[in-house]
Amino acid sequence: MPRPVTIFTGQWADLPIEEMAAMTADFGYDGIELACWGDHFEVDKALAEDDYCDKKHALLAKHNLQCHAISAHLVGQAVLDNIDERHKAILPDYVWGDGTPEAVNERAIEELKNTARAAQKFGVDVVNGFTGSSIWHLLYSFPPVSPKMIDAGFELLAERFNPILDVFGECGVRFALEVHPTEIAFDIYTAQRALEALDNRPEFGFNFDPSHLIWQGIDPVQFIRMFPDRIYHVHIKDAIVTLDGRTGINASHLNFGDSRRGWDFRSPGRGGVNFEEIIRALNEIDYQGPLSIEWEDSGMERTFGAREACEFTKKLDFSPSNRAFDAAFDEEND
């Protein structure tokens, strides 16, 4: 049976959820991955209002849409980050508060715990998101960065996330980190270290997204094979490397969509990700969850892109064979 094809609403949170749900169905999607911002999924209301989750389910049922995960990327970013003015733009007012960094971290931790409780109430068992990182700014080791400084970043992950994951465990919900630059885990080795820092507890795994790996020079298929039992959710998202002798992989402080960048996101199938091999690797690990399109392409109109991406992904997906291709030869000899 084909995996459900869903769309992540994070880049569409400027639209009311009623409009987004109708568009999602019209585009041809099987389901929707609700972002915990805008009015798409509001954690505080889900916990405070008895009928909030029922109304949300009724809306999705009206459009024949499934929901397998909700996503808390923005608030998760504030759990480990060194808070500054940038975070005000991505956090709910009640999490930002007065902007005192330590207090913002604490409120983000409580909000992520509440997100697990809201997911349980809504009936989904995966929350995708970010962790942030207290050590991302130490990526380039000059002035020299001691191993102790990096160790401290992963120790902080354990200190702050273990209590969060305790709540996830109580709720029967898993947290799926989208491995991503600016997170505590941004590639294969840091993902491995994050798991080790958390004692490999089962509540913590990954939202696999190849677009954040390919431009770093990492083969996304190797990530799947490295963590076969930790792929809790999958994003279908594409990117392309455009190095031409002037551009740089660090993007020169140029924003997405600028042709001078050394890499950028693309609509699925229009970048450099080998999705064929990704589907084969997902089949190898028996991943049966959704293929959720996170659509970003600064050079393409988004409704055209979202519809095309749905068609591309549905055509792309296939089930593994249940028999060896040469079994017929044996049958002929029987």
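The model is predicted, so local features need pLDDT of at least 70, side-chain atom pairs count only at pLDDT 80 or more, and totals for chains, interfaces and linings use all residues. Residues are numbered from 1 along each chain as its sequence is written, and side-chain values use heavy atoms, with hydrogens and water left out.

Reader: Why are helix 6 and helix 7 called roughly parallel?
Author: Helix 6 (residues 101–122) and helix 7 (residues 147–171) pack at about 15°, with axes 8 Å apart. Axes are lines fitted to C-alpha atoms, for helices over the stretch in contact, and angles run from 0 to 180 degrees between N-to-C directions. Angles under 35 degrees count as roughly parallel, over 145 as roughly antiparallel, 65 to 115 as roughly perpendicular and the rest as oblique. Helix 6 and helix 7 are therefore roughly parallel.

Reader: What makes strand 5 and strand 6 a pair?
Author: Two strands pair if DSSP finds at least two bridges between them. Strand 5 (residues 174–177) and strand 6 (residues 204–208) have 3 bridges, in the parallel sense. A176 stands opposite G205 in strand 6.

Reader: Which strands does helix 7 touch?
Author: Helix 7 packs on the sheet and touches strand 4 (126–129), strand 5 and strand 6. Its direction makes about 130° with that of strand 5.

Reader: How many strands close into the barrel?
Author: 8 strands do, in the order 1-2-3-4-5-6-7-10, with parallel pairing.

Methods. Helices (H or I, at least four residues) and strands (E, at least two) are DSSP runs, numbered from the N terminus. Contact means heavy atoms within 4.5 Å.
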